Amino acid sequence: MLNAYNLWLDKKNIDPSKKPKLREFVYNVAYQLLEDFGEPTTNLKGRHPNPMPDRIIDAYSRHYPVNTEIVNGKRKPRDCYVCKHTTRRQKKRTRVVIICNECNIGLCIGYCFRDYHTLKNF
Ligand SMILES: [Zn+2]
Ligand SMILES: [Zn+2]
């Protein structure tokens, strides 16, 4: 750091009487490094230390659609739970071959799958 400091003073042709203290120089270099390569640590508080793309964070919830098991060469159909129990639209029976791997219930891919996992009353 001392070498860098002397080089820097040389390069900048700074009047020795006005030169910043080594400690100030070190602080400035450290600060500039932080600005170039990252954010000051205070801004990282409360944030995930290793941010993941959204699609990975979603997967963390472990609720994702999977196919039903194959029985006699065909995917075993299930009723969509949301279509069957919804209070927001006309109830209907929808046969699906997709279940939530975690909830183990049939769900239409799309609104039903989303609504089941995001709405208290679907
Ligand atoms: Zn449905
Ligand atoms: Zn689920």
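Let's start with Phe 122. Its relative accessibility is 13%, so Phe 122 counts as buried; the cut-off for that word is under 20%. Keep in mind as you look around that this is a predicted model.

Which residues form one aromatic cluster with Phe 122? The cluster consists of Tyr 81, Tyr 116 and Phe 122. A search of the whole structure finds three aromatic pairs. One of them joins Tyr 81 and Tyr 116, with 5.7 Å from centre to centre and 75 degrees between the planes, an edge-to-face pair. Tyr 81 belongs to helix 4 and Tyr 116 to helix 5, so this pair ties together parts that are 35 residues apart in sequence. Tyr 81 is partly exposed because its relative accessibility is 32%, and Tyr 116 is partly exposed too, with a relative accessible area of 23%. Tyr 81 also pairs with Phe 122: the ring centres are 6.1 Å apart and the planes stand at 65 degrees, so this pair is edge-to-face. Phe 122 sits in the segment after helix 5 while Tyr 81 lies in helix 4, so the pair ties together parts 41 residues apart in sequence.

## The zinc ion with four cysteines

Now move to the zinc ion (ligand 1). Which residues coordinate the zinc ion (ligand 1)? The SG atoms of Cys 80, Cys 83, Cys 108 and Cys 112 do, at 2.2 to 2.3 Å. Along the chain, these donor residues follow the spacing C-x2-C-x24-C-x3-C.

Why is the arrangement around the zinc ion (ligand 1) called tetrahedral? The four donor atoms subtend angles of 106 to 113 degrees, and four donors count as tetrahedral if all angles lie between 85 and 135 degrees. For comparison, the ideal angle for four tetrahedral donors is 109.5 degrees. Cys 83 counts as buried because its relative accessibility is 1%; Cys 112, at 5%, counts as buried as well.

Cys 103, at 25%, counts as partly exposed.

Side chains of opposite charge can pair when their charged atoms come close. The structure holds six salt bridges. One of them joins Asp 79 and Lys 84, with N and O 3.3 Å apart. Asp 79 also forms a salt bridge with Arg 93, where the closest N and O atoms are 3.0 Å apart. That pair links distant parts of the chain, 14 residues apart: Asp 79 is in strand 4 (residues 78-79) and Arg 93 in the loop between helix 4 (81-85) and strand 5 (95-96). Asp 79 meets Arg 95 in a salt bridge as well, at 2.7 Å from N to O. Here Asp 79 in strand 4 is joined to Arg 95 in strand 5, 16 residues apart. Through shared partners, Asp 79, Lys 84, Arg 93 and Arg 95 form one network.

How accessible are these residues? Asp 79 counts as buried, at 16% relative accessibility. Lys 84 is partly exposed at 40%, and Arg 95 is partly exposed at 47%. Arg 93, at 59%, counts as exposed.

Back in helix 5, the buried residues include Cys 112, Phe 113 and Asp 115. Among the elements that cover the buried residues of helix 5 are strand 1 (65-67), helix 4 and strand 6 (98-100).

Finally, step back to the whole protein. There are five helices and six strands, and from the N terminus on they run α-α-α-β-β-β-β-α-β-β-α. Of the 122 residues, 18% are buried. The accessible surface comes to about 10,100 Å², and 53% of this surface belongs to carbon and sulfur atoms. Among contacts with a separation of 6 or more, 44% are between residues 24 or more positions apart.

Methods: Residues are numbered from 1 along each chain as its sequence is written. Chains are lettered from A and ligands numbered from 1 in the order in which they are written. This is a predicted model: local features need pLDDT of at least 70, side-chain atom pairs count only at pLDDT 80 or more; totals for chains, interfaces and linings use all residues. Side-chain values use heavy atoms; hydrogens and water are left out. Buried means under 20% relative accessible area, exposed over 50%, partly exposed in between (1.4 Å probe, protein chains only). A salt bridge is a side-chain nitrogen of Lys or Arg within 4 Å of a carboxyl oxygen of Asp or Glu. Helices (H or I, at least four residues) and strands (E, at least two) are DSSP runs, numbered from the N terminus. Donors are N, O and S atoms within 2.8 Å of the metal (3.2 Å for Na, K and Ca); water is not among the atoms, so sites may look incomplete. Four donors count as tetrahedral if all angles lie between 85 and 135 degrees; four count as square planar and six as octahedral if opposite donors are over 155 degrees apart and all others between 65 and 115; anything else is irregular. Contact means heavy atoms within 4.5 Å. Accessible areas come from the Shrake-Rupley method with a 1.4 Å probe; for residues, only the protein chains shown count as cover. Rings of Phe, Tyr and Trp (its six-membered ring) pair if their centres lie within 6.5 Å; planes under 30 degrees apart count as stacked, over 60 as edge-to-face and the rest as tilted.
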